[in-house]
Amino acid sequence: MTDRDPNDRMLLELATSRSLAPGTSLDESTAELREGWLAMGRALDGQSANISEADLFARLLNEAERRVEPNPPAHVKQRDRLWPALLSSALALGLLVAVMNSAWVGNQSKIASLPNNEQSAVVAPQWTDPLDDELDAAAQQVSMLVAQGTGVDASLSNLADHLESMSDELTNSSL
Amino acid sequence: MGDTSGPQDDSALLSRWVREHSRAVRGFLLGLVRRHDVADDLLQEVFQRAWQARAGYQERGRERSYLLKIADRLACDRSRRLGVEVTVDESAWELLEPSGESQQPLDVLADRDTSRELAAGLDRLTPPQRRVLLMRYYSDLEFADIASQMEIPLNTALSHARRGLMALKKVLTESLAEKTT
């Protein structure tokens with residue numbers, strides 16, 4: 001019986017079948033293979049007798065429950081929502097400072113280009129609003145928080161509120 | 001398998017899987033890895049993986065072969081990790097997988113009616129021979145399906161089966177000869 005023999009598969013499946021139909025006769029080589037097969041079956045059946053299906057089922061259920069991902073706590077969700085708002089506010093604040101700075105530099109260059117007698121007429125910069133100091137302080141706070149990488153929910157919340165109020169104030173009055 | 005609709009149905013289905021197939025899958029694993037503790041660990045992993053992937057399982061009515069295929073992959077992966085994928089002799093197995101006190105190696109079969117020689121016969125098979133014969137024994141798939149599942153040519157699968165059976169027959173013959181003398 002060679003591997004290429006078309007009967008090889010059929011004979012092997014006959015030799016390794018669970019049961020033979022009554023009256024089935026096997027040739028000598030197939031009968032020998034079947035003896036080996038039955039011997040293997042006895043060995044396997046003997047070794048696999050002790051298994052607790054209930055224990056296995058319980059372990060599987062426990063594992064399935066353990067793998068269920070718990071919902072994040074409420075304060076984590078709130079913190080996750082706070083960060084985008086804080087970063088947006090910081091970005092808006094940075095843009096605002098940049099615009100004010102460029103406007104002030106442009107004004108200074110115009111003054112410098114005037115004759116000396118006209119420069120004396122300009123006695124003070126255009127932006128003397130005390131809100132500038134608050135903006136600078138807020139920008140420093142944002143930089144510190146971002147640089148430290150720490151997040152204290154309360155501080156961030158207060159800072160965000162502060163920035164929003166300043167932004168509203170600027171929008172409604174100064175700008 | 002993908003026709004479940006709720007947690008209770010899922011639980012009932014998992015219970016049925018365990019009830020109908022766990023012995024066969026464990027026997028298959030034990031025949032491959034030959035250690036009860038490892039077989040138990042792999043058995044749990046087989047059902048976990050099968051359960052996680054049950055939505056994509058389409059071969060209805062062939063649950064056992066589905067589970068055995070996963071078991072075969074896990075056992076092969078483990079062998080690769082241990083670096084003993086293809087063939088090792090007895091001494092190599094003992095070195096790579098020494099038996100601990102809590103383990104129940106196949107030697108316990110010597111205390112039963114099932115002869116020690118039969119267990120030793122399983123050990124004489126090469127891993128590919130064991131894979132083919134164990135898959136045939138526990139899944140009852142035809143050799144063409146087994147070859148496909150193991151991703152080997154059909155003739156190779158047939159050759160492994162035939163040589164494995166001849167080795168087992170030889171063990172039996174030797175055992176009988178020893179008892180008669």
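1. Let's start with a term: a residue is called buried when its relative accessible area is under 20%, exposed when that area is over 50%, and partly exposed in between (1.4 Å probe, protein chains only).

2. A word on what you're looking at. This is a predicted model, where local features need pLDDT of at least 70, side-chain atom pairs count only at pLDDT 80 or more, and totals for chains, interfaces and linings use all residues. Residues are numbered from 1 along each chain as its sequence is written, chains are lettered from A in the order in which they are written, and side-chain values use heavy atoms, leaving out hydrogens and water.

3. Now have a look at chain A, where D133(A), E134(A), D136(A), D161(A), E164(A), D168(A) and E169(A) form a negative surface patch. (Patch residues have over 30% relative accessible area and no salt bridge, with like charges joined within 9 Å; a salt bridge is a side-chain nitrogen of Lys or Arg within 4 Å of a carboxyl oxygen of Asp or Glu; Asp and Glu count as negative.)

4. Which helix of chain A gives the most to the negative patch? That's helix 7, with four residues. Helix 6 (131-148) and helix 7 (153-174) each supply at least two, and E134(A) sits in helix 6. (Helices are DSSP runs of H or I, at least four residues, and strands are runs of E, at least two, numbered from the N terminus.)

5. Over to chain B: it has eight helices and zero strands. Of its 181 residues, 51% count as buried.

Terms used:
Patch = residues over 30% accessible without salt bridge, like charges linked within 9 Å, V, L, I, M, F, W, Y side chains within 5 Å. Areas by Shrake-Rupley, 256 points an atom, 1.4 Å probe, with all protein chains shown as cover. Charge placed at Lys NZ, Arg CZ, Asp CG, Glu CD.
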